[in-house]
Amino acid sequence: MSSGQGASVPNEHETVGAYALGILDDAEATAFEAHLATCEWCAQQLDELAGMEPVLAALADLPGSGSTPAIGESLSARPSPRLAEKLVDEVAERRARKRRRSFYLVAAAAALIIGGPLVAVATSGGDSGGNVAAGASPAKTLFSAMPDKVTGTDPATDVTATVGMAKKDWGTQAVLELKNVKGPLKCSLIAVGTNGERETLSSWSVPNWGYGIPGAKSEEAKNPLYIGGGAAFQPNEIDHFEVMTFDGKKLVEVDA
């Protein structure tokens, strides 16, 4: 940024955006590359700014740009410093939005931990085979208290899922009740937004004996699985939930 005291040689750290956009002359580029070899910060910024070059191809079509350059020449166009700064700022803002979204997901996970360890265990016990009282599962207790629940059963897999939801400042707290699923499987609960975005709320393993199996011989297999998770979506931003295996098979879909 100009200080208003006349032109000056830019600080090397401030040159990374111009280098990424390809608007430095040979001498400037050579000087920056020498700096880049010893500066981890600039290397990281350059990596995050990678991929901006195609944006420059559109510069030839801007008013006052003159004739359209041939393919291969568009990247040699030298946009004004103000336009270059605007493009770099746009990328920085996109990175900031991504960081904010990641923060919301971390906040959701933290809130779930504070509210109680929503571990992936059946109500009568975990994989260790130890007996746990039916009312001792924090996830089941939270699920029972949630007034907003949606249920779905897949006609092909016969898997039934019920998702309880609670609106939070950071998004949606959810608890899944899963029935009639046999293992071994590795699964995830995914929220699909009305905008098409997908967020993984939680992941777990299903043992050989499964969960919520009608007529099963063991209590472990008879009891449903209760597992908690969180999404940055608000409840009204969620279109539906999916329980997916790690190999891409959909076990059940539940409309929100």
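Which residue forms a salt bridge with lysine 250, the closest N and O atoms being 2.7 Å apart? The views below begin with the answer.

**View 1. Glutamate 253 and lysine 250 form a salt bridge.** In this predicted model, local features need pLDDT of at least 70 and side-chain atom pairs count only at pLDDT 80 or more, while totals for chains, interfaces and linings use all residues. Residues are numbered from 1 along each chain as its sequence is written, and side-chain values use heavy atoms, leaving out hydrogens and water. The partner of lysine 250 here is glutamate 253, with 2.7 Å between the closest N and O atoms. A salt bridge is a side-chain nitrogen of Lys or Arg within 4 Å of a carboxyl oxygen of Asp or Glu, and by this rule the count comes to 5. Glutamate 253 is partly exposed at 31% relative accessible area, and lysine 250 is partly exposed at 33% (buried is under 20%, exposed over 50%, partly exposed in between; 1.4 Å probe, protein chains only).

**View 2. Shared partners join Arg198, Glu242, Lys250 and Glu253 into one salt-bridge network.** Glutamate 242 meets lysine 250 at 3.7 Å, N to O, and arginine 198 at 2.8 Å, N to O. The pair of glutamate 242 and arginine 198 links distant parts of the chain, 44 residues apart: strand E8 (residues 238-245) holds the glutamate and strand E6 (residues 198-206) the arginine. Glutamate 242 is buried, with 6% relative accessible area, whereas arginine 198 is partly exposed at 46%.

**View 3. Four strands make an open, antiparallel sheet in the order E6-E5-E8-E9.** Strands (E, at least two residues) are DSSP runs numbered from the N terminus, as are helices (H or I, at least four). Two strands pair if DSSP finds at least two bridges between them. E6 and strand E9 (250-255) stand at the edges with a single partner strand each, so one side of each has no neighbour in the sheet. E8 and E9 run antiparallel and are joined by 5 bridges; have a look at phenylalanine 241, whose bridge partner in E9 is valine 254.

**View 4. Two stretches have pLDDT below 50.** pLDDT is the predictor's confidence in each residue, from 0 to 100. The protein averages 73, and 58% of the residues score at least 70. Residues 56-79 stay under 50, with 22 contacts (heavy atoms within 4.5 Å) beyond four places in sequence. Residues 111-136 are also below 50, and this stretch has 49 contacts in the model beyond near neighbours in sequence.
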